[in-house]
Amino acid sequence: MPDVGTSSASAAGASRAARTRTLHLLAVISPGVLWIVIFLVLPSAYLMTIAFMSNGPYGLPQMPWTLDAFKQLAGYGFLGWSPGNLYTLLRSLWQTVLATGLVIAMAYPMAYYISTAPARLRPLMLLAVVVPSWTNQVIRAIGWMNILSPGSPISDGVAALGLISPQMGLFPSKFAVVVGLVYNFLPFMVLPLYAVFEKLDWGQIDAARDLGAGPLRSFRHAVLPQTLPGLLAGTVLVSIPAFGMYVIPELLGGGKSMMLGNLVARQFAEASNWPLGAAGALIMIVATLGGLVVLRRLGRKLGGDTQVVL
Amino acid sequence: MSGRGLRITLRGFWYLMLLFLYAPLAVVALYSFNSINSSAVFAGVSLRWYHALLADDTIMNAFYNSVVLALSSSVIATVVGTLLGYGMYTHRERRLGWLIWLVYLPIVMPDIVYGISQMSFFTSISAATGGMLDLGLTTMVIAHVSFQVPFVALLVYSRLVGLDSRLFAACQDLYANAWQRAWYFILPTLRPAIVAAFFLAFTLSIDDFVISFFTAGPESTTLPIFIWSAIKKGVTPEVNAIATLMIGAVFAAAAVALAFQYVRAGRRNAAG
């Protein structure tokens, strides 16, 4: 109790004011906080406990506590060890890394270009980048299915170059999955990168040039360090959701490009093994929390006002 | 490379990226007008798939569910999220680190984990209470609000951060009480942000598939879920038609959001 032993009236008044402010804080934030805690934090905590339970006869979790789900995730099943689940994990990781790398390569010049455009055009250009991501994920996947399907001009062109056999088409394939991931997450990299490019200190670059540094050296020592916070924030916002992606591998991958998200979903649907699915989800939750730690650190570096909205 | 050459290369790259971003949507729209049933060959313009759409009761029902879900969740999320964003701003000196964590959690969490957590949670509650929170429109609204609230709160918060904090002090100097302050100052200044937040929440709801998919019941099929099961059977031009209408709706919402942004910018210029 902070107000125990206060003797002066002003101190009592101050503590009363502080209490009023605390009540005000609770009144305005509690609906939102409770909603997120009850309907997201509690369910995720529940899901994490399922990961340590046994699989019941109908796929529903039951006692006793066990680590079986994690063993199954590592490949140990009733029939001995098989690498299927590990392959899925590694494939998720590899496709995430590949897609994130491509997204960086595309978003970096875009964000720079937007930041050098006339100020009144910039909101419009950012909107042009963001609007496609407002359309439904499934619809965007249909667009790529159309573009890459066998017989489409692009598939025929690639077949004519001899890169794929005719009649094959570019979809379904791992290639289509990576294209879909890049397409889906490009805006999440452009926005934080734009935020750092907008505040770029050109004095440092001029100084590097004056000191005789070539374009590459001045980029590495004057530009890259300044944009690093945006780059890292973008990497978190792209790679974590990409790692758990469900829709794109399911629609564009055609069964052979399953990622962790699909493995998890399958355990709750046809395969009926909730604990195994929960164990896979646990990995994603841990990755999410790790990503949040990075974002929080960056938030301070990027300055308190910079919000990574959208 | 010279500065000019770099500029021209960058501009070319920018247009290439715009093509990359809009080609899939354009292709969906194009094939929705295809006169034959093919997603690779365009034979001629026809509206037959749009006519088929209107005659399909399942689609109209899914459309109805989508609108009810998006409207009700957005209204709740706008109220709850505006309060949260306002609280985050007025009490920002308290360094509420845990609150920032809580707000960013729904934004970063992969939607599959999100959907499955809520699905298993709702199912268990329903089993324990004998039918309370059965999967259906109610659970979908609850789920949607939980991911819309952080976006609304951040939008409102960043609008408040952009304000001159002396305005709040001025209000107090004029002896405005809390209610008067809210009614005559905070709500009017926040109106553009609140409207934008509502539209953002609405598009987030329409855009969502995964979370809806896992928290939906048998009677609460929404448009994205309908489209999903239709493609699982093979893309039909009918799906392209409904997808095109949804893309059009999103573009309209984007235009509204942009209009509000320019109104804001215009006022700022006039004031400064």
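1. Of the 272 residues of chain B, 52% count as buried (under 20% relative accessible area; exposed is over 50% and partly exposed in between, with a 1.4 Å probe and protein chains only). The model is predicted: local features need pLDDT of at least 70, side-chain atom pairs count only at pLDDT 80 or more, and totals for chains, interfaces and linings use all residues. Residues are numbered from 1 along each chain as its sequence is written, chains are lettered from A and ligands numbered from 1 in the order in which they are written, and side-chain values use heavy atoms, with hydrogens and water left out.

2. Chain B has 11 helices and 0 strands (DSSP runs numbered from the N terminus, helices being H or I of at least four residues and strands E of at least two). Among its contacts (heavy atoms within 4.5 Å) between residues at least 6 apart in sequence, 70% join residues at least 24 apart.

3. Helix H10 of chain B (residues 223-232) is largely enclosed by the rest of the structure, because 8 of its 10 residues are buried. Among them are Pro224(B), Phe226(B), Trp228(B) and Ile231(B). Just after H10(B), Gly234(B) takes a positive phi of about 115 degrees.

4. The contact between the chains draws on 90 residues of chain A and 92 residues of chain B. The area buried between chain A and chain B is about 8100 Å², and carbon and sulfur atoms give 78% of it (buried area is the accessible area, with a 1.4 Å probe, that two parts lose on being put together, summed over both). Trp35(A), Tyr113(A) and Trp134(A) supply 9% of what chain A buries against chain B, more than any other three residues.

5. Across this interface there are 12 residue pairs in polar contact, both residues at pLDDT 80 or more (N or O atoms within 3.5 Å; within protein, one must be able to donate a hydrogen and the other to accept it, and residues adjacent in sequence count only if both atoms are side-chain atoms). On the side of chain A that touches chain B, helix H1 (residues 9-50) gives the most, with 23 residues.

6. Over all chains the count is 3 salt bridges (a side-chain nitrogen of Lys or Arg within 4 Å of a carboxyl oxygen of Asp or Glu), and the count between chain A and chain B is 2. One of these pairs Arg140(A) with Asp207(B) at 3.4 Å, N to O. This pair runs from helix H5 (residues 137-148) of chain A to helix H8 (residues 178-207) of chain B, and both Arg140(A) and Asp207(B) are buried.

7. Glu250(A), Arg266(A) and Lys232(B) are linked in a network of salt bridges. Glu250(A) meets Arg266(A) at 3.7 Å, N to O. For Glu250(A) and Lys232(B), the closest N and O atoms are 3.2 Å apart. Lys232(B) lies in helix H10 of chain B and Glu250(A) in helix H10 of chain A, so this pair joins two chains. Arg266(A) is partly exposed, at a relative accessible area of 28%, and Lys232(B) is partly exposed at 45%.

8. The structure holds 22 aromatic pairs over all chains (rings of Phe, Tyr and Trp, its six-membered ring, with centres within 6.5 Å; planes under 30 degrees apart count as stacked, over 60 as edge-to-face and the rest as tilted). Phe39(A) and Phe122(B) form a tilted pair, 6.3 Å centre to centre with 45 degrees between the planes. Both Phe39(A) and Phe122(B) are buried. Tyr246(A), Phe209(B), Phe213(B), Phe214(B) and Trp228(B) form one aromatic cluster.
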